[in-house]
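Subject: Structure handover and notes

Dear colleague,

Please find below the structure that I promised to pass on to you. My notes follow directly after it, with the cut-offs given where each term comes up.

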Amino acid sequence: MESFSAVNRQQYLEQMSHADLDVLIIGGGITGAGILLDAVSRGLRAGLVDMQDFAAGTSSRSTKLIHGGLRYLKQLEFRLVAEVGKERAIVARNAPHITKPEPMILPIYKQGSLGYTSASIALAVYDFLAGVKKSERRKMLSKEEVLKLEPGLKSQGLKGGAYYYEYRTDDARLTIEILKKATELGAIACNYAKVEDILKTERVVSGVRVREVTNNSYYNIPARYVVNATGPWVDAIDKLDDALSEEKLVHTKGVHIVLDRARLPIKHSLYFDTPDGRMVFAIPRQGKVYAGTTDTFYSGNLENPMANKVDRDYILNSLNQIFPDAKLTFEDVESWWAGLRPLIKQKGKSASGISRKDELFETSSGLITIAGGKLTGYRKMAQRVVDLIVKKIRAVKTTGPCITDQIRLSGAVGEDVNYDEFYKNKLEEFQSIGLSEAASSQLLDRYGSNVDKIISIWKEGDQSEASLDKAQWIYCIENEMTLYPDDFLTRRTGETYFNIEKALKYRDTITNFYSKYFHWDDELEQNVVAQTHNKINQVTSIK
């Protein structure tokens, strides 16, 4: 496919139903997207469906960091640290517009879970295992140096700290850029297409039956192999294959809250101990600070996990404990999000103690399931899945090796282009045609080298701020399969979380625009207006 337009969704489903696919992936989060790109880049005919918007589950609700995870050293997960640590360098190279190095401070206190010496050793091991480049290796800081960098930190009991690097990303946009690249290479993907049944031929999985959610039309999509990459819904899809299949997952919930940076004016991202020994991040972004995460067992609604007062107060208390002068209250919380971690069951483990490793399963009927894992390791997870399929299909089809470590994602620049230089030149160019530095920077951070398409649409209008927003709405509909306002406000831009004022300002205007663009009738428009209001109301209040 050359386009990835919401207007053509029915066409994509029709094409998949006649495409004689080698592999059909269920689930459009980071794992499914990675599998799609790996499969098509090796020469497989590949398709993907998701019952919601792409990345609407776990893959838009993380801490938005590409990191190896210091916590996994505590669990002695050395191989996991080594693998995902190296992977973050690959992601940063292949998607530099949405993956950037983030200086991080780890303050070290008396009676904390890490001592000064043990933290230094742990970070040195981390640097070695993750292959951290010299300029980003850890530096140990004295108490005075820590307080100079972050004067708001609690000084009592502070022994010093560590200065190291993680990589900040936009998890939902990373997923979208992977999907866009996969469709550029010939894959087919469609959101709001729910798998209702697993098709079998002589008791062997041979495809899926899909319901297009917006109009309840059905499509049978045949495929040589079907992959279940649905994250929290893995067990539900497995039961379509075998109603008696044992559940593989336990879910834990992670909540993040968003504050105005004026209320917590930190200069760096921080990773610190909480009173109960867990760890919390506080990360500045777009004039805000988001903080989290909680880690508690969860058994409720999978599509719409909710934060509650206990989650909110746990994070606020953790922040107030380490920033005693901030005196943050529930009124300072502007928005929040809650996500689910689909973890492989491990008896006797606490929510935070369960391994984040992924596992690959195959049923007797041939359904392939990938479960567990983390954002940073998506590419290696995909490689393992496609390696299995390639091994099976080798007798009837020739395929190439895994090359996703070399594939620049949509929005990246070519190998011969320095991204920092590209970014600087584009900033100057956009300011010369009347865009502010802030608006130009935001566009580049969202869309990278695709930004020229948005500027072309903008130039056709009155070249106002409102016209620039409209240009993004159009681009995301036509190039990022954005069907509803919430898709745009929450996952394509993050406005719902990090610019709630703008989301409130535009929620009705954007719905009206989408209604006209897609020719919705009055009833559907009213329903979408209500859904958009409900979503924004949810993330601005905690019951």
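Are Tyr 514 and Phe 518 buried or exposed? Both Tyr 514 and Phe 518 are buried, where buried means under 20% relative accessible area, exposed means over 50%, and partly exposed covers what is in between, with a 1.4 Å probe and protein chains only.

Before going further, please note that this is a predicted model, in which local features need pLDDT of at least 70 and side-chain atom pairs count only at pLDDT 80 or more, while totals for chains, interfaces and linings use all residues. Residues are numbered from 1 along each chain as its sequence is written, and side-chain values use heavy atoms, with hydrogens and water left out.

Aromatic residues

Rings of Phe, Tyr and Trp (for Trp, its six-membered ring) are paired if their centres lie within 6.5 Å, and planes under 30 degrees apart count as stacked, over 60 as edge-to-face and the rest as tilted. By this rule the count is 20 aromatic pairs. One of them joins Tyr 163 and Tyr 165, which are edge-to-face because their planes stand at 90°, with the ring centres 6.0 Å apart; Tyr 163 is buried at a relative accessible area of 16%, and Tyr 165 is buried at 18%. Tyr 514 and Phe 518 form a tilted pair, 6.1 Å centre to centre with 55° between the planes. Both of these residues lie in helix H17, four residues apart, about one turn of the helix; helices (H or I, at least four residues) and strands (E, at least two) are DSSP runs numbered from the N terminus. Tyr 514 and Phe 518 also belong to one aromatic cluster, together with Tyr 192, Trp 473, Tyr 484, Tyr 506, Phe 513, Tyr 517 and Trp 520.

A charge is taken to sit over a ring if NZ of Lys or CZ of Arg is within 6 Å of the ring centre and within 35 degrees of the ring normal. Lys 64 lies over the face of Trp 337, at 4.8 Å from the ring centre, and Lys 154 lies over the face of Tyr 109, at 5.1 Å.

Pocket and cavity

Both terms rest on a 1 Å grid over the protein atoms alone: a cavity is a set of points where a 1.4 Å probe fits but cannot get out, a pocket is an open set with protein on both sides within 12 Å along at least five of seven lines, and lining residues have an atom within 4 Å of a point. Grid points are joined across faces, edges and corners, and a volume is the space filled by probe spheres set on the points.

The second largest pocket has a volume of about 890 Å³ and is lined by 31 residues, of which Tyr 192, Tyr 484, Asp 486, Asp 487 and Gln 531 lie nearest its centre. Helix H1 (9-17), helix H15 (485-492) and helix H18 (522-539) each supply at least two residues of that lining, and H18 gives the most, with eight. Its lining has twelve nonpolar, nine polar and ten charged residues, where Ala, Val, Leu, Ile, Met, Phe, Trp, Tyr, Cys and Pro count as nonpolar, Asp, Glu, Lys and Arg as charged, and the others, Gly among them, as polar.

Backbone and cysteines

Most residues other than glycine have a negative phi, and most peptide bonds are trans. Tyr 192, however, has a positive phi of about 50°; this residue lies in the loop between strand S7 (188-190) and strand S8 (193-201) and is buried, with a relative accessible area of 12%. Glu 202 also has a positive phi, near 50°, but Glu 202 is exposed at 76%. A cis peptide bond, with omega about 20°, joins Gly 292 and Thr 293.

With a disulfide taken as a pair of cysteine sulfur atoms within 2.5 Å, a search of the whole structure finds zero. The sulfur of Cys 190 has its closest cysteine sulfur in Cys 476, 17 Å away, and therefore too far for a bond.

Best regards
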